[in-house]
Amino acid sequence: MNPKISVIMPVYNTEKYLSEAIESVLFQSFSDFEFIIIDDCSTDNSYKICEEYSKRDKRIKLNRNEKNMWISFTRNKLIYLSSTNYIATQDSDDISLQNRLELSFYFLENNTNYWVISWNNIIINEDSEIIWYREYSNNIQNIILKKSPISQPSSMFRKDIFENLWWYDKKLNYWEDYDLWLKMFANNYKIKNISENLIKYRIHQKQSKSVKLKETIKNTLFIQRKAINTYKIKPVFSDKIYFCLEKILLILPDSFILFLFKKLEYKKW
């Protein structure tokens with residue numbers, strides 16, 4: 001009746017991976033949670049799959065947008081519908097390891113000075129095969145104006161900070177989480193990365209990084225300018241160099257950009 005965690009999952013056309021994602025939440029070692037799912041008007045069988053699971057497990061609260069509203073609106077709605085102060089994000093194509101919720105919950109319970117926690121990623125392919133892993137640094141100050149400092153798919157944060165910072169920006173259809181972390185940083189809320197692999201992050205051809213790569217880069221540049229001009233985060237010299245390099249990426253082939261990203265961010269398993 002009174003869950004301790006709200007797991008939120010936006011869904012849009014991920015029928016191939018959806019069962020794995022849902023089951024990775026349902027079979028967590030920490031079971032005292034509500035699982036809120038919103039289907040953003042999928043055109044495949046995603047909503048039907050969610051319906052089947054909601055009939056089996058009362059912890060699932062299933063909703064559906066009347067029309068396709070995109071990710072920021074849907075994430076905001078998910079958090080609005082939540083009934084706890086701990087929000088755990090779950091993407092509909094990723095897999096949470098069994099003790100992810102347990103470790104995240106007790107860390108935040110025992111470390112009240114931190115507002116967000118995230119974990120390293122195991123990188124899997126379309127067939128759920130492990131191919132790489134990705135580490136996240138705790139040197140947040142030096143990283144945050146260059147790239148998103150944490151793994152959004154593995155994050156858990158306190159709902160009250162989210163409400164204090166005016167929700168996700170509904171104008172952003174990519175990297176809305178990056179904008180949120182920047183707002184948190186600008187308001188001196190502490191963020192923590194822990195060097196343990198607790199989520200399997202899937203890469204596949206339908207992701208925005210693959211389908212709309214240049215748009216995600218443009219969005220990143222927009223968010224970084226917003227952080228400087230609106231949130232008043234002061235860039236250092238290395239940040240300015242990084243912004244120039246991002247602009248250069250816009251004239252390069254998508255295939256080369258993806259190759260470069262994997263080389264720099266992913267490590268062999």
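Which residue stands opposite Ala88 in strand 4? Val7 does. The model is predicted, so local features need pLDDT of at least 70 and side-chain atom pairs count only at pLDDT 80 or more, while totals for chains, interfaces and linings use all residues. Residues are numbered from 1 along each chain as its sequence is written, and side-chain values use heavy atoms, with hydrogens and water left out. Helices (H or I, at least four residues) and strands (E, at least two) are DSSP runs numbered from the N terminus.

**Strand 4**
- Strand 1 (residues 5–11) and strand 4 run parallel and are joined by three bridges; strands pair if DSSP finds at least two bridges between them.
- Strand 8 (residues 156–158) is antiparallel to strand 4, again with three bridges, and its Met156 stands opposite Ala88.
- From strand 4 (residues 86–89), Tyr86 and Ala88 point one way and Ile87 and Thr89 the other, and all are buried (under 20% relative accessible area, 1.4 Å probe, protein chains only).

**Strand 2**
- Seven of the seven residues of strand 2 (residues 33–39) are buried, so this strand is largely enclosed by the rest of the structure.
- Seven bridges join strand 2 to strand 1, in parallel, with Glu34 as the bridge partner of Ser6.
- Five bridges join strand 2 to strand 3 (residues 60–64), also in parallel, and Asn63 is the bridge partner of Ile38.

**Helices 9 and 11**
- Leu213, Lys214 and Ile217 in helix 9 meet Asp254, Ile257 and Leu258 in helix 11 (contact means heavy atoms within 4.5 Å).

Notes
Buried means under 20% relative accessible area, exposed over 50%, partly exposed in between (1.4 Å probe, protein chains only).
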